[in-house]
Amino acid sequence: MTALSDEVLGRVGNTPLVALESLSGGSEYRAKLEGHNPFGSVKDRAAYWMIRDGEERGLLTRGKSIIIEPTSGNTGIALTGIANLLGYSVEIVIPEKVSSETKEIIRKLGAKVFETSDDLCPKVGAGTDQSIALATSIASSRPDTYYSPNQYANEANFRGHYEGTGPEIWRQTGGKVTHFFTGVGTGGTITGIGAFLKEQNPDVKIIGCQPQQDHLIQGWRNFDESAKPDLFLKRENVVDDWVSVSNAEAFSLVREVYERDGLLVSPSSAAVYACMKKHSVPDGSCVVGMFADDGRKFRSVYAEQNVMTESEFDACASQARHVSVLAY
């Protein structure tokens, strides 16, 4: 590996935890800004841990193995960026509905991309998900070459948060965190962080954020229309409560978060903000929300949803606070 590779991979994790002044009053509200990972999202953590795990178990050989994975966006970016630094080729299977910016980034980073007509958030279950079925078919045809990390069942996904993100949040809040909010895709984030925080303080409340059916929140899952992933099922009892959020609620708050907190957020981050805003907590609480990525990949989506015009988006992007330097 080069010095540049070491520098980029060294920036996975240890992301900022910033105050949300718009929500703080009787309680303290903070956002965990995962867009500061080198490839722009919380999925950098899972990708890095899954690749390292594959190497340690002898399933990956640098310069030979091809990594293939179904994804609704951020995992594809993270896997492609990190795998390339470590000497692997990548093939990504992705739903057509994913933002054009996301697919462009994955291609720019060097992955071969297959698009399917899947729903935005891939369903997990026999015969229900084209992305997973296609990736599995390709991988099984050449098991000596292809390796699929399978983020939906890979324990390394959980461990990345149990050993990484959870301890960061505990340390950054000085052990004061009382409530943690996040959306659920594979379940690795909510179960990894939730399990760690509850080991430190069993009274910490873990709140899952769930989108409406037929939703537009890239990377999230609605369990009324999609089966629970194996990784989530193993530890689903870590979740204390659920808050539902509609597309309209999430997209309507993108501009509010920018105007009041100076953050240009993604749809999923706006959805977490919406859930934090409407879920009641006792005064004196310390509330942390997982902002899985920022809004820079969603210029076209926000124009389509009448959140802001492309010129308004560009102005916000140039003036937003806490903007990270990405590795692409």
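User: Strands β3 and β4: what are their residues, and over how many bridges do they pair?

Analyst: Two strands pair if DSSP finds at least two bridges between them. Here β3 spans residues 66–70 and β4 spans residues 89–95, and they pair in the parallel sense over 5 bridges. Strands (E, at least two residues) and helices (H or I, at least four) are DSSP runs, numbered from the N terminus. E69 has I92 in β4 as its bridge partner.

User: Which helix packs on the sheet touching β4 and β5?

Analyst: Contact means heavy atoms within 4.5 Å. Axes are lines fitted to C-alpha atoms, for helices over the stretch in contact; angles run from 0 to 180 degrees between N-to-C directions. Helix α4 (residues 100–108) touches β4 and β5, and its direction makes about 165° with that of β4. Helix α5 (residues 130–141) also packs on the sheet, touching β3, β4, β5 and β6. The direction of α5 makes about 160° with that of β3.

User: What is the strand order of the open sheet?

Analyst: The order is β5-β4-β3-β6, 4 strands with parallel pairing. At the edges, β5 (112–116) and β6 (146–147) each pair on one side only.

User: How reliable is this, and how are residues numbered?

Analyst: This is a predicted model: local features need pLDDT of at least 70, side-chain atom pairs pLDDT 80 or more, while totals for chains, interfaces and linings use all residues. Residues are numbered from 1 along each chain as its sequence is written, and side-chain values use heavy atoms, leaving out hydrogens and water.

User: Is P38 buried or exposed?

Analyst: Buried means under 20% relative accessible area, exposed over 50%, partly exposed in between (1.4 Å probe, protein chains only). P38 counts as buried because its relative accessibility is 1%. P38 lies in the loop between β2 (28–33) and α2 (43–56). Beyond four places in sequence, its contacts include V8, R11 and L326.
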